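Student: Could you walk me through this protein, one residue at a time?

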Amino acid sequence: DPCQLTFNFSPSGANVGSPDVLWTLWHWCWRLCSFDTSEETADEATCDASKGSCEASDVETRRLEVITLELGGASDEKPHLDMDESYQLTLDGKSSLRASSIHGLRRGMETLLQVLDALRDQSDAQRWHWTPGISADGKVVSLQIDDHPRFKWRGLMLDTARHFIPMQVMKSLLLGMASTKLNVLHWHLTDAMSFPLDLESLPKLAELGSFGPNKSYSKGMVQELIAFAANFSIRVVPEIDMPAHTASWIFAEPNAVSNCTHVLPDDPNEAKNVFKARDKLALDISSKRSVQVAKTILQEVAGLFPDEFLHIGGDEVDYRCWTTMPHIRKWMQKQGLGPVQALQRFFDEIFAEVKRLGKRPVLWEDSFDQGIRLPAGAVVQPW
């Protein structure tokens, strides 16, 4: 029975009493106990994070009772690209979960949950039809898992610009990501439809560019989500899409965006859609204000998100938004630039700012395919 499992924690010296470890044990202990579908037992189940154990009254004890947890590395390490997520899980007479980092410990606990769920006898939620250490012929049955990820970046993209998503729903998504061992939440924050991120430096962007009151994310909400994700060793990578998909900026920064509303999607049905009809708007590359606004946004976002990667979009730039606007076309001619060269000049300034902020840029493949020169360390994503 999962609520009778006891975890004996064997940490390195610096990890004794660590809040990160205790939180991890409490969370997975609660989830282990929640396997029991009996309402009576669920009400009586209790978890004690300080002891790392779950107990429930009036439930028969099973054979799999004690699991020793061994953590070799620091327990307060934040998630990062090169984090060690490996672990060794042994279920037999002396069951144990060993990891050299808190990240590996968390991945191993997820596997333990999956194993226990698979072992449960579906005809009786209170019993297991096969348990390590038990065999009909008297032989010892054991399970040994030595696991490490094949890919460092296992991500899921969430778009909160086209549809505002409440915090509780986002946290539920993170729980699902943890259960499947995904470790990067790619947060597509802004797009043509809305700008739902509250910025202290440019408050009007969300005030005028979001879907309305209570449809934006405050600094505190972002920090809360990042901290919640870190409890599951999940990184949060923000995306501020530019220079296209910036129609939502125009309400607060009209001088930064080319208002090329005459450039419509090729699909007639999309052209009739009020949001899709504005999807072609892009930053005005002839305006100094566009670069100033973009840099200001990146500066605040870089300070808010600790991850080393910063996604700057770069997809679906429709050059007609520049070439059909007289003042932009005149500026390009004066500068001796074609559309691709103008885009390169814009990104050169953005790349320099991202580097100054100590981040690595991430872009969609569109810019790469168009021949934009990227700095060393840049990441290109296909979509």
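This is a predicted model: local features need pLDDT of at least 70, side-chain atom pairs count only at pLDDT 80 or more; totals for chains, interfaces and linings use all residues.

Student: Okay, is Ser 258 buried or exposed?

Tutor: Ser 258 sits in strand β11, residues 257-258 (strands are DSSP runs of E, at least two residues, and helices are runs of H or I, at least four, numbered from the N terminus). Buried means under 20% relative accessible area, exposed over 50%, and partly exposed in between, with a 1.4 Å probe and protein chains only. Ser 258 has 1% relative accessibility, so it counts as buried.

Student: Which backbone oxygen does the side chain of Ser 258 reach?

Tutor: Ser 258 touches several residues beyond four places away in sequence, including Leu 281, Asp 284 and Met 325 (contact means heavy atoms within 4.5 Å). Cys 321 is also among them. At 2.8 Å, the side chain of Ser 258 reaches the backbone oxygen of Cys 321.

Student: Ser 233 and Glu 316 both have positive phi. Which of them is buried, and which is partly exposed?

Tutor: Ser 233 has phi near 60° and lies in the loop between α6 (219-230) and β10. Glu 316, with phi of about 50°, is in the loop between β13 (309-313) and α9 (320-323). With relative accessible areas of 0% for Ser 233 and 38% for Glu 316, Ser 233 is buried and Glu 316 is partly exposed.

Student: Where's the cis peptide bond?

Tutor: Look in the loop between β10 (235-242) and β11, where Pro 243 lies. Omega is near -5° there, and the cis bond runs from Met 242 to Pro 243.

Student: How many residues are in the largest nonpolar core?

Tutor: A nonpolar core is a set of buried Ala, Val, Leu, Ile, Met, Phe, Trp, Tyr and Cys residues joined through side-chain atoms within 4.5 Å. In the largest one, Trp 249, Ile 297 and Trp 322 have the most contacts inside it. Trp 322 touches Pro 243 and Leu 343, among others. The count for that core is 88 residues.

Note on methods. Residues are numbered from 1 along each chain as its sequence is written. Side-chain values use heavy atoms; hydrogens and water are left out. A polar contact is a pair of N or O atoms within 3.5 Å; within protein, one must be able to donate a hydrogen and the other to accept it, and residues adjacent in sequence count only if both atoms are side-chain atoms.
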